[in-house]
Amino acid sequence: MHDQSEETSAIVELVLDYSRRRILADNIPLDKAMTAPELVRLAGNAISEEGLGARRALGLFEHVLAPACISVDHPGFVSFIPAAPTKASIAFDLVVSASAIYGGSWMEGSGAIHAENEVLAFLAAEFGLPPEAGGVFVQGGTVGNLSALVAARHHARATRKARGLAQPDEWVILSGESTHSSVASAAAVMDVRVVRVPADSEGRLSGPGVELALQEHKDSVFAVVATAGSTNLGIVDDIASIAALKDEHEFWLHVDGAYGLAAILVPEMRATFEGVGRADSVIVDPHKWLFAPFDACALIYRDPAAARAAHRQSASYLDPLNEAEDWNPSDLSFQLTRRPRGLPLWFSLATYGVAEYRRSIAASLDLARAIADEIETRPSLRLIRRPDLSVVAFERIGWAADDYARWSAALLDDQRAFVMPSAHEGAPILRFAVLNPRTSVELLVAILDTID
Ligand SMILES: Cc1ncc(COP(=O)(O)O)c(C=O)c1O
C-alpha cells in the first residue's frame, strides 16, 4: 500500500484521471440524494478482507456514490450557501493532500504556515485590523465562532481575575435576531447564555439595542456577536454603531462574516462593513464567497496572544513546541492536528490575483440586484427585502409550505436547479444564494418562469 509499484502507480493515475475529468468538466450534473435502501442495493459492500481493487472502487464512487451527492458547485445550486471553488484552488487541494504537511506547528509546517499567514494578513488588512492581527484557518464557521468565543470568555475571566473582581454567576453573549445557529451551538458547548437583542427597523443588530442589553446584563456580557451577512437574508448588522460602544463599555466584539464579509473586497461595499476593523475577532469562510474548496474558515484575532492563552494545549510531548515560542496555528483554535487548509486559497489568490476576486464578488452582487429587480416586476412574487449582499429572498404570493416543497422537489427532479425553501417571520419563502460566477441571470429567470 505504501511502496512505489506498478499497482500504486496505476491507482494514482486512475484517481488523477477522475479528478482531472471532474475538475475540468464543463457541464457537471446537479445530481440528487438517493434513499439509504437504494444505496445499499446499488453500492453493496465495498469493504471486504480482500479488497475490490482501485478500478472497481473508483467505478463505484463515480457511477453510484457521486451521483447520489448534489454538486454544490453547479450553477443551479442556489440553496443554503453554495460553494464555487476556482479551478486553481481545487487542483491545489490535491497538492495539499499529496504533500503530507502537518499545519499545526511552525516546526513541522513553517512553509505552509507562512503562506497561510500571508492570506490571513491580506484579509486582516482588507478588514482594517491592525498589523499585529493574526489567526488560523479552521474547518468552518462553526468551529471559528466557537474558538473565538472561547478566547473571548477566557479573556474576560482573566481580566476580572487580574483586577481582583468576582466572576459573574453566568456569562452572556449578546447576539442579533439573525445570528447564525452555530453561535447558540457554541454557547451550549460553553454553557453560557445567549441573549437575542431585538433588531432595528432595518432588521439589523445595532448600537442602541446592544447598549440597552449591555446596561441590563452588565458584567455578565463577555462578547457581542455581530453578523456581517446573515445566512437567510444576507443582512449586515450595523457593525460601526456596535463597535462605537467599545468607547464606553468593555466587551469582546466578534464579527461573524462567514458568508458575507468577503464582499468587503469590493471597494463600493467597504462602507457596509464599517467597524469591522475594531473587532476583537473575525471569521470569513473561504469555502463560501472566497471560492475555495470545502472546508475552511479564516479566523483572525486582533490580539493573537489572547487566543493563545485560551487555546494552547500543554502536554509533555507538546511542550518543546510551546517553549520555542514559534507561531503555532494550533494554539489559536479548538483543534490540534490540522491540514494547512488555507493553502488552496493562497494558491488561487497567488495565481489569479486579488483583482479577479474583487470582480467575481462584485458580479454576484450585480446579479443579485438584477434578479431582485426582476422579481419586483412579477405580480405573483414579493421580494422580502432589497439584497444587502447576494441573497435574494422572496415569496410566491398565495403559496403554502407544501406548494414550495413540491415546486422545489420538481425542480431538482428535473435537474434544473436546487432551490430549497426557507422561512421568514414564520412564513415560507424562497431564496437564491448567488455566489457562483457561473450562475447567470438567464438561469435564475428561467427558474422564476417555473413558478406559476
Ligand atoms: C453567517 C454564518 N456563520 C456561520 C456559519 C457556519 O459555518 P460552517 O457551516 O462553515 O460551520 C454559516 C454557514 O452558513 C454562516 O452563514
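**The pocket and its surroundings**

Analyst: By class, the lining of the largest pocket has 25 nonpolar, 5 polar and 10 charged residues. That makes 40 lining residues. This is a predicted model. The volume of the largest pocket is about 1300 Å³.

Start at the centre. Arg 22, Ile 23, Ile 28, Asp 73 and Ile 90 are the lining residues that lie nearest to it. Now the helices. Helix 1 (6-24) gives the largest share of the lining, 6 residues. Helix 3 (54-65), helix 4 (87-99) and helix 13 (354-377) each supply at least two residues, as does helix 1.

Between helix 3 and helix 4 runs a loop that holds Phe 80. Phi of Phe 80 is near 40°, a positive value in a residue that is not glycine. Phe 80 has a relative accessible area of 46%, so it counts as partly exposed.

Next, the packing. The largest nonpolar core has 60 residues. Phe 127, Leu 174, Phe 273, Trp 289 and Ile 361 touch the most other members. Helix 5 (residues 106-127) brings the largest share of this core, 6 residues. A second, separate core has 29 residues, including Val 143, Ala 156, Val 183 and Cys 297.

Take Leu 174 by itself. Leaving out residues up to four places away in sequence, Leu 174 touches Val 195, Val 197, Val 210, Ala 213, Leu 214, His 217, Val 221, Ala 223, Val 224 and Val 225.

Lys 218 sits in the loop between helix 8 (207-217) and strand 4 (221-227). Phi of Lys 218 is near 45°, again positive in a residue other than glycine. Lys 218 has 56% relative accessibility, so it counts as exposed.

Arg 338 is another residue to check. Its place is the loop between helix 11 (319-323) and helix 12 (343-352). Is Arg 338 buried or exposed? Arg 338 is buried, because its relative accessible area is 3%, under the 20% cut-off. Two backbone oxygens face polar atoms of the Arg 338 side chain: that of Gly 103 at 2.7 Å, and that of Phe 137 at 3.0 Å. Beyond four places in sequence, Arg 338 touches Ile 101, Tyr 102, Gly 103, Gly 104, Glu 116, Val 136, Phe 137, Pro 329 and Ser 330.

Now a backbone detail. The peptide bond from Phe 294 to Asp 295 is cis, with omega near -5°. Asp 295 is in the loop between strand 6 (281-284) and strand 7 (297-301).

Finish with Ser 241, in helix 9 (residues 239-244). A polar atom of the Ser 241 side chain lies 2.7 Å from the backbone nitrogen of Gly 207. The side chains of Ser 241 and Asp 238 are joined by a polar contact of 2.9 Å. Beyond four places in sequence, Ser 241 touches Ser 206 and Gly 207. Ser 241 and Arg 341 are 100 residues apart in sequence, and their C-alpha atoms are 34 Å apart in space.

Notes
Residues are numbered from 1 along each chain as its sequence is written. This is a predicted model: local features need pLDDT of at least 70, side-chain atom pairs count only at pLDDT 80 or more; totals for chains, interfaces and linings use all residues. Side-chain values use heavy atoms; hydrogens and water are left out. A nonpolar core is a set of buried Ala, Val, Leu, Ile, Met, Phe, Trp, Tyr and Cys residues joined through side-chain atoms within 4.5 Å. Buried means under 20% relative accessible area, exposed over 50%, partly exposed in between (1.4 Å probe, protein chains only). Helices (H or I, at least four residues) and strands (E, at least two) are DSSP runs, numbered from the N terminus. Contact means heavy atoms within 4.5 Å. On a 1 Å grid over the protein atoms alone, a cavity is a set of points where a 1.4 Å probe fits but cannot get out, and a pocket is an open set with protein on both sides within 12 Å along at least five of seven lines; lining residues have an atom within 4 Å of a point. Grid points are joined across faces, edges and corners, and a volume is the space filled by probe spheres set on the points. Ala, Val, Leu, Ile, Met, Phe, Trp, Tyr, Cys and Pro count as nonpolar, Asp, Glu, Lys and Arg as charged, and the others, Gly among them, as polar. A polar contact is a pair of N or O atoms within 3.5 Å; within protein, one must be able to donate a hydrogen and the other to accept it, and residues adjacent in sequence count only if both atoms are side-chain atoms.
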